Amino acid sequence: MSTITPHNALIYAMVIAAVADGALKDSEVGAIELAVRNLPIFKGFSIDAMKVATGDCVALLDEEDGVEAALGLVKEALPEGWAETAYALACDVVAVDGRALQEELRWLEMLRHEIGVERLHAAAIERGARARYKRNNAMATA
């Protein structure tokens, strides 16, 4: 029996990705909250529950071997068929800032391996996240 719920596992996956660069930024918390408010998989899951799960995960990640422990909890709690959803949510949180740092990519890879997302599926998910969070850097022409 897992010590976290399936919904908490999704939150943990997003938080793991978010703090890989050393900080949980407001934009990342906003992306997590947006997912909880709008995605069907979070129907019935409250923002208050999200905040508690986020805090619990951050506290766990601060512990020695916290990353491995958090990844193990995610793997244990995810129902069959939810791994790609968890990975997609984590990729979205990384992409929200418009760039992915090496440490974030390494933690995403650890998550992918732990929860069993196939490499080709992960590449498609990553490409989708890049497309959704692409920045408009084109200069206006007169």
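Author: We can begin with a charged pair: Glu28 forms a salt bridge with Lys25, and their closest N and O atoms are 3.2 Å apart. This is a predicted model, in which local features need pLDDT of at least 70 and side-chain atom pairs count only at pLDDT 80 or more, while totals for chains, interfaces and linings use all residues. Residues are numbered from 1 along each chain as its sequence is written, and side-chain values use heavy atoms, with hydrogens and water left out.

Reader: Why is Glu28 called buried, and what is Lys25 called?

Author: Buried means under 20% relative accessible area, exposed means over 50%, and partly exposed lies in between (1.4 Å probe, protein chains only). Glu28 has a relative accessible area of 0% and is therefore buried, whereas Lys25, with 24%, is partly exposed.

Reader: Which parts of the chain does the salt bridge of Lys25 with Asp97 tie together?

Author: The closest N and O atoms of Lys25 and Asp97 are 3.4 Å apart, which again qualifies as a salt bridge. Lys25 lies in the loop between α1 (6-18) and α2 (26-38), and Asp97 in the loop between α5 (83-95) and α6, so the pair ties together parts that are 72 residues apart in sequence. Helices here are DSSP runs (H or I, at least four residues), numbered from the N terminus. Asp21, Lys25, Glu28 and Asp97 are linked in a network of salt bridges, and the whole structure holds seven salt bridges.

Reader: Why are α1 and α2 called roughly antiparallel?

Author: Axes are lines fitted to C-alpha atoms, for helices over the stretch in contact, and angles run from 0 to 180 degrees between N-to-C directions. Angles under 35 degrees count as roughly parallel, over 145 as roughly antiparallel, 65 to 115 as roughly perpendicular and the rest as oblique. The axes of α1 and α2 are 10 Å apart at an angle of about 160°, and these helices are therefore roughly antiparallel to each other.

Reader: Which residues meet where α1 packs on α2?

Author: Taking contact as heavy atoms within 4.5 Å, Ile11, Met14, Val15 and Ala18 in α1 meet Glu28, Ile32, Ala35 and Val36 in α2. By class, these are seven nonpolar, no polar and one charged, where Ala, Val, Leu, Ile, Met, Phe, Trp, Tyr, Cys and Pro count as nonpolar, Asp, Glu, Lys and Arg as charged, and the others, Gly among them, as polar.

Reader: How do you know whether Asp92 is buried or exposed?

Author: Asp92, found in helix α5, has 15% relative accessibility and therefore counts as buried. Leaving aside neighbours within four places in sequence, Asp92 is in contact with Ala129, Arg132 and Tyr133.

Note on methods
Salt bridge = Lys/Arg side-chain N within 4 Å of Asp/Glu carboxyl O. Helix = DSSP H or I, 4+ residues; strand = E, 2+ residues; numbered from the N terminus.
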